[in-house]
Amino acid sequence: MKRYIQILTVTSAVLLVAACMQILSFTHPETAPVNSDVNVSIGVGIDIEGSIDVRHTPVVSILVPAAWNPADIVMTYSSVNAPGGPFTGSPMRLATASDVEVKTGLGWNAALLKKLGTKGNYDPVQWVTFIDNTTHPTWVGGVSFTATINIKFKTGSENLRAYLAYFIGNTQDGVHDDTQYFLLRDILFETTGGSNALHDYTVPKMWNIVPEKFTWKDIVRFNYDATIQVDGEDSPLKGADAIYFMATATYNGTQTVTVDAVSSKTLMKEADDDKWFLYMYPNEFFGLPSSVKIENIDFYMVNQDKSITVRMPDGSDFTLPENCE
């Protein structure tokens, strides 16, 4: 049975996020099967203070794993007592590159990532922003009303645990430095029923690649942190004098090329105690022409005499597909 968090009424000052907005209800599953639709409902109370007329364009953003498809998210909102009369299922549209957040001058998704971060996630996540697609009557000072935001998203194909987050604001105030100008709510969410071992976004990872969004045509920096424990055990390469990056690239579906010699080419540089990195242009690293399209890279780490290796807990290599927009 699905577990749900549901707040039906505002009974605590903890829920009062802003002078003019508050979360009245939050209905959200804590778990859902992979490849399934999830419905979320957020009730909001709005009090417009002051005597001047204002026209706020609502903005709602959701933080989800980068592997999920923004096109699978649908967002609408409704109100039974809004200025100008009730409405139901008013559509919100995906923000585009021309929708610039006022405080940073960046696109909305980039602005949210810069200002609010990843909300406790260590693997790649993305903010997906929706903007009101309907012109409603001006909200005047002294008016109070309620609205319900309905969100539907589709889970991906892998078992994962991640913090999802919801931002509710408007285009005029943007991602303001003063948190009273927007609402923010997060929840720990888990998908089940997939074939993979649980991928936990909420714990630090022993490796990552920079930039998070890349193609194999980019110069990338691979980072390895030997201080990260796995199942409570230290990495066997913690304290190593040298660490080498062993990898195999796949291209044209089934063709592969492997670089597994201990050499200056595979030697990682130490950034800090037990933290290592390697810059590489993948095609050059694997000796492939620039015209060849790499599809994924399987890799593992070793010490100088290869007596110690770090792989997945089941003994398989780590796999890294490209992660592009």
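User: Where does Asn35 lie?

Analyst: Asn35 lies in the loop between strand 3 (31-33) and strand 4 (37-47); strands are DSSP E runs of at least two residues, numbered from the N terminus. This is a predicted model, in which local features need pLDDT of at least 70 and side-chain atom pairs pLDDT 80 or more, while totals for chains, interfaces and linings use all residues. Residues are numbered from 1 along each chain as its sequence is written, and side-chain values use heavy atoms, without hydrogens or water.

User: What is the phi of Asn35?

Analyst: The phi of Asn35 is near 55°, a positive value in a residue other than glycine.

User: And what about the phi of Asn252?

Analyst: Asn252 also has a positive phi, near 50°, and is not a glycine. Asn252 sits in the loop that joins strand 17 (244-251) to strand 18 (255-259).

User: Is Asn252 buried or exposed?

Analyst: Asn252 has a relative accessible area of 52% and is therefore exposed. The cut-offs are under 20% for buried and over 50% for exposed, with partly exposed in between (1.4 Å probe, protein chains only).

User: Which peptide bond is cis?

Analyst: The bond from Val210 to Pro211 is cis, with omega near 5°. Pro211 belongs to the loop that runs from strand 15 (207-210) to strand 16 (220-225). As background, most peptide bonds are trans, and most residues other than glycine have a negative phi.

User: Change of topic: which residues of the largest nonpolar core touch the most other members?

Analyst: They are Ile42, Ile62, Ile149, Ile151, Phe153, Tyr166 and Phe167, in a core of 48 residues. Such a core joins buried Ala, Val, Leu, Ile, Met, Phe, Trp, Tyr and Cys residues through side-chain atoms within 4.5 Å. Strand 12 (residues 160-170) gives the most to this core, namely seven residues.

User: What does Tyr166 touch?

Analyst: Leaving out residues up to four places away in sequence, Tyr166 touches Phe26, His28, Val40, Ile42, Ser61, Ile62, Ile151, Phe153, Leu183, Leu184 and Arg185. Contact here means heavy atoms within 4.5 Å. A second, separate core has 34 residues, among them Val220, Ile243, Ala247 and Met280.

User: Where is Asn170, then?

Analyst: Asn170 is part of strand 12. Its relative accessibility is 7%, so Asn170 counts as buried.

User: Which residues does Asn170 touch?

Analyst: Asn170 is in contact with His56, Thr57, Pro58, Val59, Trp108 and Tyr181, again not counting residues up to four places away in sequence. Tyr181 is 11 residues from Asn170 along the chain, and their C-alpha atoms are separated by 8.5 Å.

User: Now the largest pocket: which residues lie nearest its centre?

Analyst: Asp123, His199, Lys205, Trp207 and Met312 lie nearest the centre, out of 49 lining residues. A pocket is an open set of points on a 1 Å grid over the protein atoms alone, where a 1.4 Å probe fits, with protein on both sides within 12 Å along at least five of seven lines; lining residues have an atom within 4 Å of a point.

Technical notes. Helix = DSSP H or I, 4+ residues; strand = E, 2+ residues; numbered from the N terminus.
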